[in-house]
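Visitor: I have never looked at this structure before. Could you show me how to read it, one feature at a time?

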Amino acid sequence: MRPTGPLGTNRRASVVFAATTTAALLAVGTAGCGPADPASGPRPGASAPASTPAGVIGIRDPWVKAADKGMTAAFGTLVNDSDADVTLTGASTTVSALELHEMTMQDGKMIMRQKQGGIVIRAKGTHVLEPGGDHLMLIDLRQPVRAGDEVTVTLTFADGRTQQFTAVAKPFTGAQESYAPGHGAPVPQPSGQPAMSGQPTTGPTS
């Protein structure tokens, strides 16, 4: 026979209270393991500030030779910090048509021509675009490119990726060479030093 006195009543009350408390705690714990409220819970990446994806390559000291018309070229140092070679296959700009060019010896004279196969920037290496060497050739300028102007160039790579950079126009007269359509014929200069047609006339002046 169960006790019916005050002690028995208090014991039953204690059991009911404990069971109710346990059920409440279980309900809270279950809710804590469920999906977070999207309005209040942390969102993936919410703590990290938005950033522009890194470029395919780095471009140091980009510049373009100032010119009023005809041809000119863009230069700089291409930097590949990745563990794989990167091949530049094309470039474009709104200022003119643009081609990848190189300077090379042919039949005893320096000529300028399109670079077949693109420009390869080796893994963890650099490739210099410079007067007298590889360069980005701007052909038939649609407008003058004057000192201080900024020219935006879009690069295209062998894997289909693209990247833009901005080159500042600078005067360039050091090498006494000229961008002429002849692509290779020596051009007499007043100083007596021949300049190769199709090659940049100068280095940037500061």
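This is a predicted model: local features need pLDDT of at least 70, side-chain atom pairs count only at pLDDT 80 or more; totals for chains, interfaces and linings use all residues.

Guide: Strand 2 is mostly covered, since nine of its nine residues are buried. Buried means under 20% relative accessible area, exposed over 50%, and partly exposed in between, with a 1.4 Å probe and protein chains only. Helices (H or I, at least four residues) and strands (E, at least two) are DSSP runs, numbered from the N terminus.

Visitor: Which residues of strand 2 point one way, and which the other way?

Guide: In a regular strand the side chains alternate between the two faces of the sheet. Here Thr-72, Ala-74, Gly-76, Leu-78 and Asn-80 point one way, while Ala-73, Phe-75, Thr-77 and Val-79 point the other way, and all are buried.

Visitor: What should I know about the numbering and the values before going on?

Guide: Residues are numbered from 1 along each chain as its sequence is written. Local features need pLDDT of at least 70, side-chain atom pairs count only at pLDDT 80 or more, and totals for chains, interfaces and linings use all residues, while side-chain values use heavy atoms, with hydrogens and water left out.

Visitor: How many bridges join strand 1 to strand 2?

Guide: Two strands pair if DSSP finds at least two bridges between them. Strand 1 (residues 58–65) and strand 2 run antiparallel and are joined by five bridges. Val-64 has Ala-74 as its bridge partner in strand 2, and Trp-63 has Phe-75. The two strands form a hairpin with six residues between them, and Gly-70 in the turn has a positive phi of about 75°.

Visitor: Which other pairings can I trace from these strands?

Guide: Strand 2 also pairs with strand 8 (residues 135–139), in the antiparallel sense and over three bridges; Ala-73 has Met-137 as its bridge partner there. With strand 7 (residues 125–129), strand 2 again runs antiparallel, joined by five bridges, and Thr-77 stands opposite Val-128. Strand 1, for its part, pairs with strand 10 (residues 162–170) in the parallel sense over three bridges. In that pairing Lys-65 stands opposite Lys-170.

Visitor: How can I look for empty space inside the model?

Guide: Rolling a probe the size of a water molecule over the atoms shows where empty space is left. On a 1 Å grid over the protein atoms alone, a cavity is a set of points where a 1.4 Å probe fits but cannot get out, and lining residues have an atom within 4 Å of a point. Grid points are joined across faces, edges and corners, and a volume is the space filled by probe spheres set on the points. By this rule there is one cavity of 30 Å³ or more, and the largest cavity holds about 30 Å³ of space.

Visitor: Which residues line the largest cavity?

Guide: They are Ile-59, Phe-75, Gly-76, Leu-78, Leu-88, Leu-129, Leu-136, Leu-155 and Phe-165. Strand 2 (residues 72–80) gives the most to this lining, with three residues. By class, the lining has eight nonpolar, one polar and no charged residues. Ala, Val, Leu, Ile, Met, Phe, Trp, Tyr, Cys and Pro count as nonpolar, Asp, Glu, Lys and Arg as charged, and the others, Gly among them, as polar.

Visitor: Is Val-151 buried or exposed?

Guide: Val-151 counts as buried because its relative accessible area is 4%. This residue lies in strand 9 (residues 150–157). Contact means heavy atoms within 4.5 Å. Not counting residues up to four places away in sequence, Val-151 touches Val-64, Thr-93, Val-95, Val-145, Phe-165, Thr-166 and Ala-167. Val-151 and Trp-63 are 88 residues apart in sequence and 8.5 Å apart in space, C-alpha to C-alpha.

Visitor: Where is Gly-118, and which residues is Gly-118 in contact with?

Guide: Gly-118 sits in the loop between strand 5 (109–114) and strand 6 (119–121). At 11% relative accessibility, Gly-118 counts as buried. Leaving aside neighbours within four places in sequence, Gly-118 is in contact with Thr-87, Leu-88, Thr-89 and Leu-100.

Visitor: And what does the protein chain look like as a whole?

Guide: The protein chain has one helix and 12 strands. Of its 206 residues, 35% count as buried.

Technical notes:
On a 1 Å grid over the protein atoms alone, a cavity is a set of points where a 1.4 Å probe fits but cannot get out, and a pocket is an open set with protein on both sides within 12 Å along at least five of seven lines; lining residues have an atom within 4 Å of a point.
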